[in-house]
Amino acid sequence: MTMRRLIDSSRRRIGLLAMVAVAGGLIATLSAEDLAGTPHPPLVVVPAGPFIAGSDSAEREFAYKLDEAAYGHSRTRERGWYDSETDASAQKADSFLIMSTPVTNAEYAAFVNATGHRAPDVDEVTWKSYRLIHPYSRTRRHAWQDGQPPEDRDDHPVVLVSYADAQTYANWLSERTDRHFRLPEAAEWEKAARGTDGQVFPWGNDYDPARLNSHDLGPFDTSPVGAYPTGVSPYGMLDAAGQVFEWTATGAGNRRHFVKGGSWDDKGCGICRPAARHSRPDDIKHILVGFRLIDDGGR
């Protein structure tokens with residue numbers, strides 16, 4: 001993959017973000033030096049201040065009803081998927097920049113090509129050990145070949161990356177850009193995704209399957225990042241519901257970390273709410289899990 005393809009991909013996405021920003025009165029930031037040397041998703045500003053995190057019983061009940069209507073059964077309710085969410089409360093966060101979209105295959109390829117880091121993939125024995133519902137054959141469309149992303153998926157979010165892979169990419173990008181990139185804490189991610197007043201979805205309190213890549217109306221696959229601009233959050237964050245779950249820096253114990261965001265595999269979409277969360281093993285390489293980073297200015 002050439003640097004020209006990487007830069008062109010980033011410029012197309014900056015243009016899309018600019019249209020969203022103008023419509024919402026938001027400002028996106030991107031370092032020209034970063035664009036010329038190391039393309040990455042455009043960054044949007046999340047200002048310091050209080051916000052509502054977590055959910056109350058009414059929101060969790062709403063989520064269960066969404067799932068029941070979509071799936072025709074009550075398994076998420078029976079298994080208490082949303083019962084462990086933190087109770088809605090006021091929190092505070094310092095200001096930070098967050099990537100407007102998840103890191104793409106093209107952007108991750110710059111890291112792989114520069115460092116020789118292992119390309120996203122998983123072998124069949126390892127995949128079967130996860131005991132997931134998806135067959136191994138479904139991983140092949142996401143797996144890289146000869147160190148290169150799958151054809152025609154440069155602008156799709158990178159998946160099949162572990163927690164350590166995401167951290168290593170963050171360290172490399174920080175060194176290359178002289179900035180301080182890291183995975184967001186779950187609360188930081190949540191504020192960026194839903195704003196300050198605890199709205200249920202990035203766009204508001206009603207579920208609209210046309211605003212995200214989920215199994216309700218989506219292709220049952222990843223899609224180009226930013227393809228659902230009407231799903232934008234109050235701060236300009238795209239793909240914050242559906243598309244792929246995203247690693248956070250918030251640990252869940254036993255070598256697990258929380259993921260946020262929902263995925264293309266989900267219906268309903270109770271799990272796609274910013275307040276929703278569940279944990280994954282740090283070493284899992286899943287077709288439903290990617291990541292985005294924040295720049296906290298070196299705090």
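The structure holds 20 salt bridges, a salt bridge being a side-chain nitrogen of Lys or Arg within 4 Å of a carboxyl oxygen of Asp or Glu. This is a predicted model, in which local features need pLDDT of at least 70, side-chain atom pairs count only at pLDDT 80 or more, and totals for chains, interfaces and linings use all residues. Residues are numbered from 1 along each chain as its sequence is written, and side-chain values use heavy atoms, with hydrogens and water left out.

**Overall make-up**

- The secondary structure comes to eight helices and 11 strands; helices (H or I, at least four residues) and strands (E, at least two) are DSSP runs, numbered from the N terminus.
- The protein has 299 residues, and buried residues make up 55% of them. Buried means under 20% relative accessible area, exposed means over 50%, and partly exposed is in between (1.4 Å probe, protein chains only).
- Of the contacts between residues at least 6 apart in sequence, 75% join residues at least 24 apart. Contact means heavy atoms within 4.5 Å.

**Salt bridges around Glu59**

- Side chains of opposite charge can pair when their charged atoms come close.
- Glu59 and Arg194 meet through their side chains in a salt bridge, at 3.4 Å from N to O. Glu59 is in helix H3 and Arg194 in helix H8 (residues 186–194), and this pair links distant parts of the chain, 135 residues apart.
- Glu59 is buried, with a relative accessible area of 9%, and Arg194 is buried too, at 0%.
- Glu59 also forms a salt bridge with Arg273, where the closest N and O atoms are 2.7 Å apart. Arg273 lies in the loop between strand E8 (256–260) and E9, while Glu59 is in helix H3, so this pair ties together parts that are 214 residues apart in sequence.
- Arg273 is buried, as is Glu59.
- A network of salt bridges links Glu59, Glu85, Glu190, Arg194, Lys260 and Arg273.

**The pair Arg141 and Asp221**

- In the salt bridge between Arg141 and Asp221, the closest N and O atoms are 3.4 Å apart. Arg141 is in the loop between H6 and H7, and Asp221 is in the loop between H8 and E7, so placed that the pair links distant parts of the chain, 80 residues apart.
- Arg141 counts as partly exposed, at 27% relative accessibility, whereas Asp221 is buried, with a relative accessible area of 12%.

**Nonpolar cores**

- A nonpolar core is a set of buried Ala, Val, Leu, Ile, Met, Phe, Trp, Tyr and Cys residues joined through side-chain atoms within 4.5 Å.
- The largest nonpolar core has 52 residues, and those with the most contacts inside it are Tyr108, Tyr169, Trp247, Phe291 and Leu293.
- Two or more residues of this core come from each of helix H3 (57–71), strand E5 (96–99), helix H5 (105–115), helix H6 (124–130), helix H7 (163–177) and strand E7 (245–251). H7 gives the most to this core, with six residues.
- Leaving aside neighbours within four places in sequence, Tyr169 is in contact with Pro39, His40, Val103, Glu107, Tyr108, Phe111, Phe291 and Leu293.
- Another core lies apart from the largest one and has 11 residues, among them Val46, Trp189, Ala192 and Ile294.

**The largest pocket**

- Rolling a probe the size of a water molecule over the atoms shows where empty space is left.
- On a 1 Å grid over the protein atoms alone, a pocket is an open set of points where a 1.4 Å probe fits, with protein on both sides within 12 Å along at least five of seven lines; lining residues have an atom within 4 Å of a point.
- The largest pocket has a volume of about 710 Å³. Grid points are joined across faces, edges and corners, and a volume is the space filled by probe spheres set on the points.
- The lining of the largest pocket has 27 residues, of which Tyr71, Trp81, Ile133, Asp265 and Asp266 lie nearest its centre.
- At least two lining residues are supplied by each of H3, helix H4 (75–78) and strand E9 (278–281).
- The lining divides into 10 nonpolar, seven polar and 10 charged residues. Ala, Val, Leu, Ile, Met, Phe, Trp, Tyr, Cys and Pro count as nonpolar, Asp, Glu, Lys and Arg as charged, and the others, Gly among them, as polar.
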